Amino acid sequence: MSKTVVHVLRHGEVHNPDQILYGRLPGFRLSELGVQMAKAAAQGLAERDVVHVVASPLERAQQTAEPIAAQFGLPVGVDERLIESANWFEGKKVSPGDGSFRDPRNWWVLRDPVTPSWGEAYRAIAERMFAALHAARVAAEGREAVLVSHQLPIWTLRRYVERKRLWHDPRKRQCGLASLTSFHFDGAKVAGIGYSEPAAHLIAISPTARTAKGA
């Protein structure tokens with residue numbers, strides 16, 4: 001039975017001076033620190049047997065994938081299933097504690113935290129991410145692959161694989177900037193999940209690490 005590892009990498013810090021929830025909006029690229037985070041992730045994978053690199057179509061994910069792909073002499077593939085989740089608040093300034101969630105104009109949008117009502121259903125996110133995960137497993141069978149995606153899709157995928165409820169407290173996600181959530185397969189079955197933060201030293205100096213929006 002072949003053993004395969006698929007590393008799902010969250011992109012690095014994004015240049016977002018207006019502090020909006022950027023979601024799927026185009027034009028949001030890595031900050032200078034984010035570029036360094038991508039390089040740190042590549043260094044963290046340097047000794048791995050990576051033969052397949054795929055990223056979300058959004059600029060920040062493609063940028064994060066580039067140093068990894070270059071390190072292994074691989075192209076960066078694109079998989080739409082790895083894209084950030086859709087969100088009604090996209091393009092708006094909104095964050096916990098700023099009063100947005102207490103504004104009566106937003107209450108209808110926030111009526112259902114389980115689905116959730118303000119964006120793409122957790123189940124839909126989980127299913128598309130799970131399909132992308134297995135496509136990468138097949139492509140890298142017996143070796144290793146890297147998928148670059150976004151915080152909510154990655155965390156939703158992990159909870160789905162761990163058979164936990166999909167709705168959750170966003171403040172408790174274990175998915176830092178440029179972090180690796182690694183799925184270890186025996187054949188087609190997930191045998192274990194690992195987590196690491198190769199850019200932890202950079203996260204510690206990032207002013208937006210705790211508040212990155214649309215990440």
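Gln-19 counts as partly exposed because its relative accessibility is 26% (buried means under 20% relative accessible area, exposed over 50%, and partly exposed in between, using a 1.4 Å probe and protein chains only). You are looking at a predicted model, in which local features need pLDDT of at least 70 and side-chain atom pairs count only at pLDDT 80 or more, while totals for chains, interfaces and linings use all residues. Residues are numbered from 1 along each chain as its sequence is written, and side-chain values use heavy atoms, with hydrogens and water left out.

Let us stay with Gln-19 for a moment. Its loop runs between strand S1 (3-10) and helix H1 (32-44), and its phi is near 55°, a positive value in a residue other than glycine. Arg-163 also has a positive phi, near 60°. This arginine sits in the loop between H4 and strand S5 (180-186), and it counts as exposed because its relative accessibility is 78%.

Now step back to the whole chain. It holds five helices and six strands, where helices (H or I, at least four residues) and strands (E, at least two) are DSSP runs numbered from the N terminus. With 215 residues, a compact globule would have a radius of gyration near 17 Å, and the chain agrees because its own value is 17 Å (taken over C-alpha atoms; the globule rule is 2.2 Å times the number of residues to the power 0.38). Along its principal axes, the C-alpha trace spans about 55 × 35 × 25 Å. Of the 215 residues, 49% count as buried.

One of the helices deserves a visit: H4 (residues 151-161), the place of Arg-158. Is Arg-158 buried or exposed? Arg-158 counts as buried, because its relative accessibility is 13%. Leaving aside residues up to four places away in sequence, Arg-158 touches Gln-174, Thr-181, Phe-183, Ile-193 and Tyr-195 (contact means heavy atoms within 4.5 Å). With Gln-174, its side chain also forms a polar contact of 2.7 Å, side chain to side chain (a pair of N or O atoms within 3.5 Å; within protein, one must be able to donate a hydrogen and the other to accept it, and residues adjacent in sequence count only if both atoms are side-chain atoms).

Our last stop is Pro-116, in the loop between strand S3 (77-78) and helix H3 (122-139). A cis peptide bond joins Thr-115 to Pro-116, with omega at about 0°.
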